[in-house]
Amino acid sequence: MEISRQYSRRNFLGLAALTFAAAQILPSKAMAHAKAHPLPGSTTYTFGEIKQIEAGVLNIGYAETGPVNGQPVILLHGWPYDIHSYAETAELLANAGYRVIVPHLRGHGTTRFLSDNTFRNGQQAAVALDIIALMDALKIRRAILGGFDWGARTANIIAALWPERVKGMVSVNGYLINNLEKNQQPLSPVAEWGWWYQYYFATDRGQKGYTANWYDFNKLIWKNISPKWAFDQATYDRSAESFKNPDYAAIVIHNYRWRLSIEPGEKQYDEMEQKLFAGPAISVPTVTLDGDSDGVVPAGDGSAFARKSTGKHVHHVVKGAGHNLPQEAPRAFADAIIEADNLAK
């Protein structure tokens with residue numbers, strides 16, 4: 001089932017009321033662990049304590065907020081962003097009674113490889129298995145997943161291959177699972193222009209340039225792909241701390257080079273990747289979102305995802321939002337998580 005409509009205050013009035021009602025029952029003081037706090041002189045939010053847990057090949061850093069017995073929600077960030085894309089969304093969901101977990105993906109923030117000998121691999125299968133390992137380590141059998149960019153792709157993969165682990169999903173830009181053969185096919189000039197950084201990263205000059213200049217590079221990307229988002233310097237610098245991870249540039253460069261078949265992945269993921277290249281259907285209840293000001297992926301009607309969905313599916317276009325949709329429109333993203341939860345009931 002697929003429904004497409006534009007997000008507005010009226011569309012989600014019922015969901016907002018549900019969130020408000022839950023907040024009266026579960027006030028902020030009832031939240032366990034980290035809480036989002038406004039920064040002085042800013043409308044932005046940040047997390048408190050960052051926890052660490054060994055999961056798979058990583059020691060993963062993650063923020064957690066909300067009641068420990070609440071419905072688990074795992075929020076997955078994209079590139080070039082970090083967990084703070086979800087700081088305000090996490091606050092909203094925690095107040096609505098959800099247990100919210102926001103991990104630093106490999107190569108970001110306080111997440112570290114357990115061994116210096118582990119290949120710094122950014123391919124999609126490796127990133128997805130990190131989150132399965134995190135769920136196992138935290139003893140979370142089933143969660144609602146939300147993501148954008150790398151995070152949406154990771155959520156798509158888990159929902160497709162391990163649907164029993166996913167109660168519902170929110171995916172910005174829809175179905176993002178990579179197929180390396182299809183990635184070799186040229187796109188329109190406008191679409192190719194939007195992906196210019198992939199081709200820069202494919203060169204030795206690009207690898208050296210990004211390693212040396214990630215701070216200014218990422219800030220430029222933020223401006224270009226979210227043209228209506230007036231973020232301040234403090235907001236960017238807060239996330240830029242996560243890019244100081246010693247494996248950051250290596251993971252980013254490998255991710256994009258792997259997508260273009262310039263660098264190989266690891267053989268241990270070959271079987272999983274073959275399943276993903278086949279474009280597996282997604283059966284879990286899903287809400288897809290597009291920002292109408294996204295500088296990478298133009299807003300659509302959700303039909304591309306609907307063709308890959310065998311479950312309940314609703315699509316919304318969020319006015320004014322760019323590529324970093326959860327941070328630009330936190331209420332819309334939080335409402336979408338609640339909507340996905342309701343679709344699963």
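1. Asp149 is placed in the loop between strand E9 (143-147) and helix H4 (150-161); helices (H or I, at least four residues) and strands (E, at least two) are DSSP runs, numbered from the N terminus. Phi of Asp149 is near 55°, a positive value in a residue other than glycine. Most residues other than glycine have a negative phi. Asp149 counts as buried because its relative accessibility is 9%, where buried means under 20% relative accessible area, exposed over 50%, and partly exposed in between (1.4 Å probe, protein chains only).

2. The model is a predicted one, in which local features need pLDDT of at least 70, side-chain atom pairs count only at pLDDT 80 or more, and totals for chains, interfaces and linings use all residues. Residues are numbered from 1 along each chain as its sequence is written, and side-chain values use heavy atoms, with hydrogens and water left out.

3. Ser261 also has a positive phi, near 60°. Ser261 belongs to the loop between helix H10 (248-259) and helix H11 (270-277). With a relative accessible area of 43%, Ser261 is partly exposed.

4. The peptide bond from Trp79 to Pro80 is cis, with omega near -5°. Most peptide bonds are trans. Pro80 is found in the loop between strand E6 (72-76) and helix H2 (87-95).

5. Trp79 touches Asp149, the residue of the opening point, and its other contacts include Trp150, Tyr210, Phe217 and Tyr248, not counting residues up to four places away in sequence; contact means heavy atoms within 4.5 Å.

6. Trp79 and Tyr210 have the most contacts inside the largest nonpolar core, which has 95 residues. H3 gives the most to this core, with nine residues. Such a core is a set of buried Ala, Val, Leu, Ile, Met, Phe, Trp, Tyr and Cys residues joined through side-chain atoms within 4.5 Å.

7. Helix H3 (residues 124-137) has 14 residues and spans 20 Å from its first C-alpha to its last, close to the 20 Å expected at 1.5 Å a residue; the expected span is 1.5 Å times one less than the number of residues. H3 is largely enclosed by the rest of the structure, because eleven of its 14 residues are buried. Among them are Gln124, Asp130 and Met135. Lys139, which follows H3, has a positive phi, near 60°.

8. His108 sits in the loop between strand E7 (99-103) and strand E8 (112-113). His108 is buried, with a relative accessible area of 1%.
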